[in-house]
Amino acid sequence: MSERRVIRVLPENVANQIAAGEVVERPASVVKELVENALDAGATRIDVSVEGGGSKCVEVGDNGCGMAREDALACLERQATSKIATVGDIDRIATFGFRGEAIPSIASVSRFALLTRAREDDAATSLTVVGGTLDWVGEAARPVGTTVTVRDLFFNVPARRKFLRAAATELARIRQTLIAIALANPALAFRLRADGRDLFSLPEGDTLADRVRALLGEGVSDALLPLDFTREGVAVHGFLSKPDFTRAGSPEQYVFVNRRPATAAQIQYALREAWPVRDRRPIAILFVDLPPEEVDVNVHPAKREVRFRHGDRVIRAVQASVALALGGGDDVSAPPASPPPGPSPLPPIGALPTPQAPKPKQAALPFAPPATLAPYPVLRDPPIVTPPIDDLPPPGPPPPPMELPTAATLPWKWLRVADILESGYWLVVTDQGYVTVDAKAALERIFYERLAHSGDAPASQPLLIPETLRLPLADAERVVRFLPALCACGFGVSALANDTFLVDALPVALAELPPKEILADLAAELDQPVPRKGLDAWRREVVARAAAQAASRAFRVPTKQAVETLMGQLAHCELPYATPRGRPVMILTTYRELDRRFRRV
């Protein structure tokens, strides 16, 4: 038997770097951990300053209780914490930090400096750590509180550093992280500086409504409904956007469990099921409070996810709070409410506009954004009632099929609209079989080709009255980054301030849609890094996203005549079978496939 030892204890610096891989993913993780430490220290003002998207430097200063010299040295050790002492404390965690891994993990992958002073001390303690090794300890001058400076993140782990994104992307994540924490603590003062300029400075003593207005903008703030509900020991409060102010993509949804920014599958499920508008998502600032022993915050190393002991109670409380805010009562087990009357039939769509020759006034599109719901009932699918066979009217002759021109890209010679389903699908009969069409995907393809074929001189429709739009800071920065691409697509957008824009023109294909809503939707969707292929790649990305937002905004249940017109327009598209982002537009079930499935052959 070999005497060679295989199992070994890892050196402390290696163990810390492994822990850093779980706790410190990017500069935003550093900001989160340090700011949460400041909150646990009782700080009422927190200043965050970053350089180079946080990869060069992150500095967090606070006016909390500070640390004595012994505690400053002890916090560099793994599992060193003042938050818990016994295993039982884990079941009743009321602080943000408790693992004792954040400081040693951060210090092991950076050039780390700590300056802290407790109230009872005459001088502050200053220490530096380089790559996990204590380099210097001494005294310095500082008011009561703590300042942590983290430079050259991942300088000694190049494999991790190369996975960091561009500075603008990392800065956006830092800002989103601090926005969530600032919303959870509206009475505290926060300031964020990036490369020498203030991104926001929030005073002490704000209410939640003040903080929402300052961070998300007046346009968002004015469209929010208050939430305030308690059931079975679960309290839900905050704000929820009205059903006519939603997003098709990933909107601002901030969820806090016992004031901790976190995610939970039960809360997302409850919010999705209680929301009345399909395919649209609300803006939400949702606080869920319950006894600490009912929540497990120790699920994720970075404490991003939580788990509930009684998840069904949380689901019921969230659903009831949403229903109450929308005017549908708080009884989530009540029988389904009668659905509102459907939209009126729509006139047929005209031919595609010619991009090179925009008209002074574009004809109204038959697909318009849904009307405002007032009050906001919780919609449910109506029960399906099947009449007796004897009561069915005799079938009439089918309408004549629509002949497709030989230049059409669809392979069928003719088509006839068989049915329009409320779920957003069209059933179309062709000479080759039945085609199921996703209505929104079809509109997205049509809108995309209207925009994409605008050429070097994009077709714009000037607005009779230009509109001013104020966006959340994150969305505003995305619009600024994509401003050349937006203008190349026919948008007339100019920046008036850091978060305020003037919209004076829209692409002809989108001319009848609400300018504020389409640009706000588009800004919320532009969250991907900028392609490095020049303006053409930018433009394709913006066009695809604009088409998706326009299709979502414009969708309504049309008449069969309008569907036939749309199918004719789809037949002239270059790629009618998929959306610009790869989602199928239609699925063909051939007659031969039907025969095979019904065993006729």
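A word on the ground rules. This is a predicted model, where local features need pLDDT of at least 70 and side-chain atom pairs count only at pLDDT 80 or more, while totals for chains, interfaces and linings use all residues. Residues are numbered from 1 along each chain as its sequence is written, and side-chain values use heavy atoms, leaving out hydrogens and water.

**The whole chain**

Switch to a cartoon view: the protein chain has 17 helices and 25 strands. Those are DSSP runs numbered from the N terminus, with helices being H or I of at least four residues and strands being E of at least two. Of the 601 residues, 48% are buried. Buried means under 20% relative accessible area, exposed means over 50%, and partly exposed is in between, using a 1.4 Å probe and protein chains only.

**The nonpolar cores**

Next, select Phe112, Phe190, Phe200 and Ile285. In the largest nonpolar core, which has 63 residues, these four touch the most other members. Such a core is a set of buried Ala, Val, Leu, Ile, Met, Phe, Trp, Tyr and Cys residues joined through side-chain atoms within 4.5 Å. Helix α6 gives the most to this core, with 9 residues. Zoom in on Ile285: leaving aside neighbours within four places in sequence, its contacts include Leu208, Tyr254 and Phe256. Then jump to Phe447, Leu469, Leu513 and Ala571, which are among the members of a second, separate core of 53 residues.

**Helix α16**

Ala571 is also one of the buried residues of α16, along with others including Val563, Leu566 and Met567. Select residues 560–571 to see this helix: 12 residues, reaching 16 Å from the first C-alpha to the last. That is close to the 16 Å expected at 1.5 Å a residue, where the expected span is 1.5 Å times one less than the number of residues. What do the buried residues of α16 pack against? Their partners include β19 (414–420), β20 (425–430) and α11 (439–452).

**Salt bridges**

Last stop: show the charged side chains. The whole structure has 16 salt bridges, each a side-chain nitrogen of Lys or Arg within 4 Å of a carboxyl oxygen of Asp or Glu. Start with Glu170 and Arg26, which meet at 3.0 Å, N to O. Glu170 lies in helix α6 (residues 167–184) and Arg26 in the loop between α1 (12–23) and α2 (27–40), so this pair ties together parts that are 144 residues apart in sequence. Both Glu170 and Arg26 are buried.

Now pick Arg45 and Asp47, a salt bridge at 3.5 Å, N to O. Arg45 counts as partly exposed at 31% relative accessibility, and Asp47 does too, at 24%. Finish with Asp595 and Arg600, joined at 3.9 Å, N to O. Asp595 is partly exposed at 25%, whereas Arg600 is exposed at 70%.

Notes: Contact means heavy atoms within 4.5 Å.
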